[in-house]
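Dear colleague,

I am handing over the structure below, together with some notes on what was found in it. Please read the notes with the coordinates open beside them.

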Amino acid sequence: MEKRVKGRSWIWAAATIALIVIGYLFYISGPEISATGNAEITARPDMISVYAISQARDTSSSIAQEKAIAISDKFVSELEKLGISEEDIELSNYNVYEDFDWSSSERKSLGFIASQSITVKLEEFNKTSGVIKAATAAG
């Protein structure tokens with residue numbers, strides 16, 4: 001009978017070790033979630049932004065600024081005639097600087113450049129060509 005008990009002890013010891021190894025393998029691998037998929041979406045645009053820059057050059061910085069402001073004002077006035085509200089017009093990036101010619105050994109002033117960016121947001125796409133025409137007509 002002692003031989004049977006020793007034989008069973010060996011089986012229990014092997015089963016216990018096997019369970020410990022299997023448990024350890026599950027423990028180190030951790031939970032795993034995987035997913036695969038594809039998606040495709042089609043949407044119609046609901047807004048368009050038109051960007052324009054008014055720019056003027058003159059030997060005087062103040063006159064260059066006046067010219068650039070006059071161009072911006074004329075453009076905004078034309079936009080309002082098209083029925084575009086002030087909330088949809090954004091003026092930004094106002095800049096004045098002196099421009100130079102560096103092609104020779106000396107720098108030569110080419111005058112001052114004044115510029116301003118104008119962004120027009122439209123929900124009515126049929127007004128886009130009118131905005132572009134207004135920008136070119138303003139200068």
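The notes that follow go from the overall layout to salt bridges, a helix, a surface patch and a backbone detail.

This is a predicted model, in which local features need pLDDT of at least 70 and side-chain atom pairs count only at pLDDT 80 or more, whereas totals for chains, interfaces and linings use all residues. Residues are numbered from 1 along each chain as its sequence is written, and side-chain values use heavy atoms, with hydrogens and water left out.

Overall layout

The protein has three helices and three strands, where helices (H or I, at least four residues) and strands (E, at least two) are DSSP runs numbered from the N terminus. Along the sequence these elements follow the pattern α-β-α-β-β-α. Of its 139 residues, 22% count as buried; here buried means under 20% relative accessible area, exposed over 50%, and partly exposed in between (1.4 Å probe, protein chains only).

Salt bridges

The count comes to four salt bridges, each defined as a side-chain nitrogen of Lys or Arg within 4 Å of a carboxyl oxygen of Asp or Glu. One of them joins the side chains of Asp-99 and Arg-57, at 3.0 Å from N to O. Since Asp-99 lies in strand β2 (residues 89-101) and Arg-57 in strand β1 (residues 48-58), this pair ties together parts that are 42 residues apart in sequence. Asp-99 is buried at 18% relative accessibility, while Arg-57 is partly exposed at 42%.

A salt bridge is also formed by the side chains of Lys-67 and Asp-58, at 2.9 Å from N to O; here Lys-67 is partly exposed at 39% relative accessibility, and Asp-58 is buried at 17%. In the pair of Glu-124 and Lys-127, the closest N and O atoms are 3.6 Å apart, with Glu-124 partly exposed at 45% and Lys-127 buried at 19%.

Helix α3

In α3, the residues Thr-128, Gly-130, Val-131, Ala-134 and Ala-138 are buried. They lie on the same side of α3, because they cover an arc of only 160° around the axis, the arc being that of the directions from the helix axis to the C-beta atoms. An α-helix has 3.6 residues a turn, so residues three or four places apart point the same way. On the face of α3 turned away from the buried side are the exposed residues Lys-133 and Thr-136.

Negative surface patch

Asp-46, Glu-80, Glu-86, Glu-87, Asp-88 and Glu-123 form a negative surface patch. Patches are made of residues with over 30% relative accessible area and no salt bridge, with like charges joined within 9 Å, and each charge is placed at NZ of Lys, CZ of Arg, CG of Asp or CD of Glu. Glu-123 is found in the loop between β3 (108-122) and α3 (128-138), and is exposed at 65%. Glu-87 is also 9.2 Å from Val-120, C-alpha to C-alpha, although the two are 33 residues apart in sequence.

A backbone detail

Asn-93 may be worth a look, as this residue has a positive phi of about 55° although it is not a glycine. Its place is in strand β2, and Asn-93 counts as exposed at 57% relative accessibility.

Conventions:
Patches are made of residues with over 30% relative accessible area and no salt bridge: like charges are joined within 9 Å, nonpolar side chains (Val, Leu, Ile, Met, Phe, Trp, Tyr) within 5 Å. Accessible areas come from the Shrake-Rupley method with a 1.4 Å probe; for residues, only the protein chains shown count as cover. Lys and Arg count as positive and Asp and Glu as negative; His and the chain ends are not counted.
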